[in-house]
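I opened a new model today and kept notes as I went. Here is what I looked up, in order.

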Amino acid sequence: SNQPDYLTFLETMDGFEYNGLILFSLSIPEPLVRNLFVINDFYRDNDDYINPDLSQRLVIGGDSISLFTYDTKSDLFEIRDKVGTENVFGSFHSFTDFLREILNTVA
């Protein structure tokens, strides 16, 4: 509820994929790698490794080199390195600014 633009996006589009950039869906169950609930369950509960950088955030999408997260404590959308998840490439207070930035990388 702190991010009404993101809620509007989910209500309108419920996920997005363009030129390798993915924002996960809430209701589309297949493929599993594009479902917000399944992905976040993996980052919080798996038998191999729980990444502390991602287990405390909502992973909302990604591209070939980055993961996109939402930090509920700081109320920030973040672009993180997919391999070194402690590295943050950008932080955004609004979903609109975040979306503009990630779309500029694939335009």
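My entries go from the whole chain down to single residues.

**Entry 1: the whole chain.** I note at the start that this model is predicted. I counted helices and strands and found four helices and six strands in the protein chain. Then I read along the sequence and wrote down the pattern α-β-β-α-α-β-β-β-β-α.

**Entry 2: size and surface.** I looked up the span of the C-alpha trace, which is about 35 × 30 × 30 Å along its principal axes. Next came the radius of gyration. A compact globule with 107 residues would have a value near 13 Å, and the protein chain has 13 Å, so the two agree. I also checked burial: 46% of the 107 residues are buried. The protein chain exposes about 6,300 Å². Carbon and sulfur atoms supply 55% of that area. For contacts between residues at least 6 apart in sequence, I found that 30% join residues at least 24 apart.

**Entry 3: the sheet.** In what order do the six strands of the open sheet lie? I read S1-S2-S3-S4-S5-S6, with antiparallel pairing. S1 and strand S6 (88–92) stand at the edges. Each has a single partner strand, so one side of each is left without a neighbour in the sheet. From one strand to the next, the twist averages 20°. As a reminder to myself, strands of a sheet pair through backbone hydrogen bonds.

I then picked one pair to follow. Strand S3 (residues 58–62) pairs with S4 in the antiparallel sense, over four bridges. Gly61 stands opposite Phe68 in S4.

**Entry 4: helix H4.** Which residues of helix H4 (residues 95–104) are buried? I listed Phe95, Phe98, Leu99 and Ile102. I looked down the axis of H4 and saw its buried residues fall within an arc of 95°, so they line one face of the helix. What do these buried residues pack against? My list is H1, strand S2 (21–23), S3, S4, S5 and S6.

**Entry 5: two aspartates.** I checked phi at Asp14 and got a positive value of about 45°, although Asp14 is not a glycine. Asp14 is in the loop between helix H1 (4–12) and strand S1 (16–18). Is Asp14 buried or exposed? Its relative accessibility is 13%, so Asp14 counts as buried, the cut-off being under 20%.

I found Asp75 in the loop between strand S4 (66–71) and strand S5 (76–81). With a relative accessible area of 22%, Asp75 is partly exposed.

Conventions. Residues are numbered from 1 along each chain as its sequence is written. This is a predicted model: local features need pLDDT of at least 70, side-chain atom pairs count only at pLDDT 80 or more; totals for chains, interfaces and linings use all residues. Side-chain values use heavy atoms; hydrogens and water are left out. Buried means under 20% relative accessible area, exposed over 50%, partly exposed in between (1.4 Å probe, protein chains only). Two strands pair if DSSP finds at least two bridges between them. Axes are lines fitted to C-alpha atoms, for helices over the stretch in contact, and angles run from 0 to 180 degrees between N-to-C directions. The arc is that of the directions from the helix axis to the C-beta atoms. Contact means heavy atoms within 4.5 Å. The radius of gyration is taken over C-alpha atoms; the globule rule is 2.2 Å times the number of residues to the power 0.38. Accessible areas come from the Shrake-Rupley method with a 1.4 Å probe; for residues, only the protein chains shown count as cover.
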